[in-house]
Amino acid sequence: MNWNEKIEQYKEEMKQDLAKLVSYNSVFEPSKEFPFGKANAQCLEAALAIAEKCGMRAVNLDHYCGYGEIGEGTEVIGVLGHLDIVPAGEGWNSDPFVLTEKEGHVYGRGVSDDKGAVVAAAYAIRLLKESGLDFKKRVRLIMGCNEESGSRCLAHYVEKEGSLTYGFTPDATFPGVFGEKGMISAVFSGKPSRLISVTGGSVSNVVCAHCVTRMPAGCCDSKKLIESLTMAGLQATLQQEKEEWVLDVRGTAAHASTPELGVNAISHTMKALQEAGLEDDFVEFYNEKIGLGVHGEHCGIDVQDDYGSLTFNNGVIETKQGTISGTIDIRFPVTMKSSQIVPVMEKNFQSTKGQLMILKTVEPLFFPRESKLVQSLLKAYQTVTKDLVSEPMTMGGGTYAKGIDHCIAFGCEFAGEDNHIHDANERLALKQFWLQTAIYAEAILNLLNLD
Ligand SMILES: [Zn+2]
């Protein structure tokens with residue numbers, strides 16, 4: 001099918017529809033009336049109107065999520081996108097809620113994550129309908145409003161509507177993600193014997209880039225302390241306030257799934273304090289169990305499989321009532337189970353100087369590369385793009401695919417692109433907007449033809 005010709009006539013309309021969705025500041029802001037806030041509810045209404053215009057029956061599931069549906073039968077093919085966004089933040093060159101076109105790109109919060117994909121998928125279904133296709137299975141464009149803060153939208157969908165025969169979520173990278181690592185969230189804590197407080201980081205899934213430590217003045221070799229940190233490439237200053245030293249350390253942030261790309265301000269602070277001769281129970285506990293290891297080397301969980309290594313990140317540290325506690329974000333290999341990791345970790349964390357508490361585990365997602373689902377989607381990508389080189393991949397992040405059966409992430413970004421997702425000046429190349437529309441149309445067609 002020549003999708004490009006068909007997409008041509010809808011380009012302006014697609015941009016207008018995307019502009020409409022981008023105009024809602026659909027951040028997580030629960031209210032009495034709406035589970036994820038008014039802007040999310042309004043954005044969902046607008047998206048359902050687009051789905052209806054594209055030939056689908058629209059259903060709103062209590063403002064948690066909604067879907068547009070076409071076709072008949074007991075089997076359901078799902079395309080899952082999300083309408084909620086992370087806060088726009090600072091540093092934009094244009095209004096993040098006004099779709100702004102410049103040099104072949106459109107800018108605005110959510111254009112690549114994930115409002116653009118929702119519009120592209122709606123038009124993919126429209127093209128299939130207009131081609132005269134007889135939908136022998138139901139095709140649903142499922143649109144959630146809580147992907148960025150817990151995916152309760154998808155849990156609500158599964159509770160109300162059940163599972164899918166096959167599905168994909170265009171919320172990662174082409175040509176598809178057949179494995180998503182498992183996750184373990186934990187906290188560790190201990191009482192310092194000399195340190196007064198340690199404070200750093202704001203979210204558990206980012207490498208801590210700024211850490212402030214207070215300690216009694218003169219408790220260690222100050223020259224050595226600063227030297228260790230600057231030698232390791234961090235910025236460090238030490239100031240005296242009355243009887244206390246305040247150590248301010250800056251490293252480099254990175255996502256918790258790729259901690260090796262960052263420089264952890266907490267871990268380096270702890271190492272430097274020890275090297276400067278500070279004798280402190282918490283520092284000792286930290287360096288023995290966590291240290292600088294980004295793969296859990298110090299607690300014996302540095303495992304790997306054919307698809308990658310376990311990653312380990314301490315994102316936040318804080319001090320309350322004399323106890324220092326910190327967060328741990330672990331992403332473990334796609335072919336493993338949390339039961340292979342957690343007991344080892346718990347055993348190795350045992351100490352008289354601190355403790356560990358596991359908060360949550362999420363098992364990995366894994367489909368063999370040869371499975372029908374992975375192959376059908378790959379085929380769609382190759383047919384449309386003629387790119388036979390790019391390979392489906394695995395990743396450390398999590399998508400909707402973990403929350404529903406028979407689903408993987410597929411698109412909407414192309415390998416090697418940087419669309420500033422979750423950052424200022426989020427963008428989408430118009431060429432890619434049209435291209436993803438064609439790929440989704442081909443992909444839905446392939447899934448409809450699977451037995
Ligand atoms: Zn997303």
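## Basis of the description

In this predicted model, local features require pLDDT of at least 70 and side-chain atom pairs count only at pLDDT 80 or more, while totals for chains, interfaces and linings use all residues. Numbering starts from 1 along each chain as its sequence is written.

In the contact between them, 10 residues of domain 1 meet 13 residues of domain 2 (contact: C-beta atoms, placed from the backbone, within 7 Å). On the domain 1 side, β9 (177-180) and β22 (393-395) each contribute at least two residues. This side has two nonpolar, five polar and three charged residues (nonpolar: Ala, Val, Leu, Ile, Met, Phe, Trp, Tyr, Cys and Pro; charged: Asp, Glu, Lys and Arg; polar: the others, Gly among them).

## A three-stranded sheet

An open antiparallel sheet has three strands in the order β4-β5-β25 (strands are DSSP runs of E, at least two residues, and helices runs of H or I, at least four, numbered from the N terminus; pairing requires at least two DSSP bridges). Strands β4 (100-102) and β25 (427-429) form the edges, each pairing on one side only. From one strand to the next, the twist averages 25° (axes are lines fitted to C-alpha atoms, for helices over the stretch in contact, with angles from 0 to 180 degrees between N-to-C directions).

Three bridges join β5 (residues 105-107) to β25 in the antiparallel sense, and Val106 lies opposite Leu428 in β25. Helix α11 (residues 430-448) packs on the sheet, where α11 touches β5 and β25 and runs at about 70° to the direction of β25.

Terms used: Two residues are in contact if their C-beta atoms, placed from the backbone, lie within 7 Å.
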